[in-house]
Amino acid sequence: MSFQYSAALVTLADLDKEVLVKFYTKFLDIEPNPYIPNTYAEFQLPGLRLGIFKPKDSHKSEFANRAKTGMSLCLEVSDIENAIARIWALGYPPAGEIIKASHGLEIYAFDPAGNRIILHQSHE
């Protein structure tokens, strides 16, 4: 038995008064669509939909004591310096310096909930 995937969506739990919705709205410089206040927000990015949801009260304990995971949200940017300046201005400066890798430049930051963000700029 097989099936086909029709879309990919990454979702993050927002436990604190839409802190993540506000952060990603400002950082990505786009409005979420669809948006249901205090329930769900979705950001349409090239190749990815990023959903931010408020867990129901009966499920909040699943997200309350989150340990660091191996998952990172990697965002390909055209200008890493501008992306760093934007995330810095939001009060979440990247940890460390820009790394020069064989595939381009990258730096690591964390959103208000502690989810790792990789800002990546490919070699031109």
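Biologist: Is asparagine 38 buried, partly exposed or exposed, and why?

Modeller: Keep in mind that this is a predicted model. The idea is to look at relative accessibility: under 20% is buried, over 50% is exposed, and in between is partly exposed. Asparagine 38 has 47% relative accessibility, so it counts as partly exposed. You'll find asparagine 38 in the loop between strand 2 and strand 3 (40-45).

Biologist: What is the phi of asparagine 38?

Modeller: Here's the general idea: most residues other than glycine have a negative phi, and most peptide bonds are trans. Asparagine 38 isn't a glycine, yet its phi is positive, about 60 degrees. Glutamate 18, not a glycine either, also has a positive phi of about 60 degrees. Glutamate 18 sits in the loop between strand 1 and helix 1. With 12% relative accessibility, glutamate 18 counts as buried.

Biologist: Which residues follow helix 1 and helix 3, and what is their phi?

Modeller: After helix 1 comes aspartate 29, with a positive phi near 60 degrees. After helix 3 comes glycine 91, and its phi is positive too, near 90 degrees.

Biologist: Let me step back. How many helices and strands does the protein have?

Modeller: Three helices and eight strands. If you walk along the sequence, the order is β-α-β-β-β-α-β-α-β-β-β. The protein has 124 residues, and 31% of them are buried.

Biologist: How do I read a helix that has one side packed against other parts? Which residues of helix 3 are buried?

Modeller: Start with the general idea. An α-helix has 3.6 residues a turn, so residues three or four places apart point the same way. Now the case here: in helix 3 (residues 80-89), the buried residues are Ile80, Ala83, Ile84 and Ile87. Looking down the axis of helix 3, you'd see these buried residues within an arc of 100 degrees, so they line one face of the helix. The face turned away from that buried side carries Asn82 and Ala89, which are exposed.

Biologist: What covers the buried residues of helix 3?

Modeller: The cover includes helix 1 (19-28), along with strand 6 (95-101), strand 7 (104-110) and strand 8 (116-122). Have a look at the start of helix 3 as well: a side-chain oxygen of aspartate 79 comes within 3.1 Å of the backbone nitrogen of glutamate 81.

Biologist: How do helix 1 and helix 3 pack, and which residues meet?

Modeller: For a pair of helices, check the angle, the distance between the axes, and the residues that touch. Helix 1 and helix 3 pack at about 145 degrees, and their axes are 9 Å apart. Their crossing is right-handed. On the helix 1 side, Phe23, Lys26, Phe27 and Leu28 take part, and they meet Ala83, Arg86 and Ile87 of helix 3.

Biologist: Why is helix 1 called largely enclosed?

Modeller: Count its buried residues. Seven of the ten residues of helix 1 are buried, so the rest of the structure largely encloses it. They are Leu20, Val21, Phe23, Tyr24, Thr25, Phe27 and Leu28.

Biologist: What about the strands? Is histidine 120 buried or exposed?

Modeller: Histidine 120 is in strand 8. Its relative accessibility is 7%, so histidine 120 counts as buried. Leaving out residues up to four places away in sequence, histidine 120 touches several residues, including Cys74, Val77, His103 and Leu105.

Notes
Residues numbered from 1 in each chain as written. Predicted model: local features only at pLDDT ≥ 70, side-chain atom pairs only at ≥ 80, totals over all residues. Heavy atoms only, no water. Buried < 20%, exposed > 50% of the residue type's maximum accessible area, 1.4 Å probe, protein only. Helix = DSSP H or I, 4+ residues; strand = E, 2+ residues; numbered from the N terminus. Arc of directions from axis to C-beta. Contact = heavy atoms within 4.5 Å. Polar contact = N/O pair within 3.5 Å; in protein donor to acceptor, adjacent residues only side chain to side chain. Axes fitted to C-alpha atoms, helices over the stretch in contact; angles between N-to-C directions. Left-handed = near helix turned anticlockwise from the far one by under 90°.
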